[in-house]
Amino acid sequence: VLGRALAGIRRDRYLLATKTGRYGLKMPDFDFSPARIRSSLEESLTRLGVDTIDLFQLHDIEFGSLPSIVEDSIPTMQALKAEGKIRFWGVTGLPLHIFRYVLEHTTPDTILSYCRYALNDNSLAELLPTLSERGVGVINASPTGMGLLTNRGSPDWHPASDQIKQVCQQAAELCAQRNLDITQLALQFATQNPAIATTLVGTASVENIENNVRWISQDLDPDLLAAVQGVLAPVQGMSWPEGRPENN
């Protein structure tokens, strides 16, 4: 569908980012082998009708063997870049340990971290100086914690603990008492850090996109931020395990 939508649009008018490695929800659905990385890229190029992907990412590497990621997967990404099939490569995931591990062995062009730079968990901040020094582009995804920092609350499938969910809901109620949607504060907080180049926000409606653009154009209320951070203090930095136990 996206390939058909892009047909006829000049290639220099847009950037394409896609991922490889994860093809489902269960552990057997992950494949970071060099052969699968290459076939995945070729599939994407064909579907999108292009010759090059701007950003190709090893997705959720906490579900793989990190030594194998470094020894086999990443060299494949570097080879694809040298061949001109991709312009940049990166890694994505939830546990911050995976980024530290990769940085000990090489320097990716980008990292994509989700749910780790938000009002309730800004642990990614610890890594930002190192990433900046190494010239690694930072993509922050899920600044609402996959729904934790919204008026509707987190979805049923959300892996956070009941404590995290309850405290985030208390923060949302505080914002509502002051006639503000907590999502506005969450987006303003996440997008004000100059060390983060890109913030990804999922949405299902044009109205939400318009709200997001308007909100991040407005000034953040420092008093409300301090009050919300006070409510969230008991769960600040708390996350949940993802992938292989040794990668958390």
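Is proline 143 buried or exposed, and what is its relative accessible area? Proline 143 is buried, with a relative accessible area of 1%; buried means under 20% relative accessible area, exposed over 50%, and partly exposed in between, with a 1.4 Å probe and protein chains only.

This is a predicted model, in which local features need pLDDT of at least 70 and side-chain atom pairs count only at pLDDT 80 or more, while totals for chains, interfaces and linings use all residues. Residues are numbered from 1 along each chain as its sequence is written, and side-chain values use heavy atoms, with hydrogens and water left out.

Proline 143 is found in the loop between β5 (137–141) and α6 (162–177). Helices (H or I, at least four residues) and strands (E, at least two) are DSSP runs, numbered from the N terminus. Not counting residues up to four places away in sequence, proline 143 touches Tyr117, Ala118, Leu149, Ala186, Leu187, Ala190, Thr199, Leu200 and Val201, where contact means heavy atoms within 4.5 Å. Serine 142 lies in the loop between β5 and α6. Its phi is positive, about 60 degrees, although serine 142 is not a glycine.

Cysteine 115 also has a positive phi, near 65 degrees, in a residue other than glycine. The place of cysteine 115 is the loop between β4 and α5. Cysteine 115 counts as buried because its relative accessibility is 3%.

## The largest pocket

The largest pocket has a volume of about 620 Å³. On a 1 Å grid over the protein atoms alone, a cavity is a set of points where a 1.4 Å probe fits but cannot get out, whereas a pocket is an open set with protein on both sides within 12 Å along at least five of seven lines; lining residues have an atom within 4 Å of a point. Grid points are joined across faces, edges and corners, and the volume is the space filled by probe spheres set on the points.

There are 24 lining residues, and the closest to the pocket centre are Thr144, Arg152, Val201, Gly202 and Thr203. Helix α8 (206–216) and strand β4 (110–114) each supply at least two residues of this lining. The most comes from α8, with four residues. By residue type the lining divides into nine nonpolar, 12 polar and three charged; Ala, Val, Leu, Ile, Met, Phe, Trp, Tyr, Cys and Pro count as nonpolar, Asp, Glu, Lys and Arg as charged, and the others, Gly among them, as polar.

## Aromatic rings

A pair of aromatic rings is described by the distance of the centres and the angle of the planes. Rings of Phe, Tyr and Trp (its six-membered ring) pair if their centres lie within 6.5 Å; planes under 30 degrees apart count as stacked, over 60 as edge-to-face and the rest as tilted. By this rule the count comes to three aromatic pairs. Tyrosine 117 and phenylalanine 189 form a stacked pair, 5.2 Å centre to centre with 10 degrees between the planes. This pair links distant parts of the chain, 72 residues apart: tyrosine 117 is in the loop between β4 and α5 (128–134), and phenylalanine 189 is in helix α7 (residues 182–191). Both tyrosine 117 and phenylalanine 189 are buried.

Phe30, Phe32 and Phe63 are linked into a cluster by ring pairs. Arginine 22 lies over the face of phenylalanine 63, at 5.0 Å from the ring centre, and arginine 36 lies over the face of tyrosine 23, at 4.3 Å. A charge sits over a ring if NZ of Lys or CZ of Arg is within 6 Å of the ring centre and within 35 degrees of the ring normal.

In helix α4 (residues 96–105) the buried residues are Leu96, Ile98, Phe99, Tyr101, Val102 and Leu103. What covers them includes α3 (66–82), β3 (86–93), β4 and α5. Leaving aside neighbours within four places in sequence, tyrosine 101 is in contact with Leu66, Pro67 and Val70.

Leucine 15 lies in the loop between α1 (2–6) and β1 (17–20). Leucine 15 counts as exposed because its relative accessibility is 69%.

## C-alpha separations

| Residues | Apart along the chain | C-alpha to C-alpha |
|---|---|---|
| Leucine 15, leucine 55 | 40 residues | 8.0 Å |
| Proline 143, glycine 202 | 59 residues | 9.5 Å |
| Tyrosine 101, alanine 186 | 85 residues | 29 Å |
| Alanine 226, glycine 8 | 218 residues | 49 Å |

Alanine 226 is found in helix α9 (residues 222–232) and counts as partly exposed, at 47% relative accessibility.
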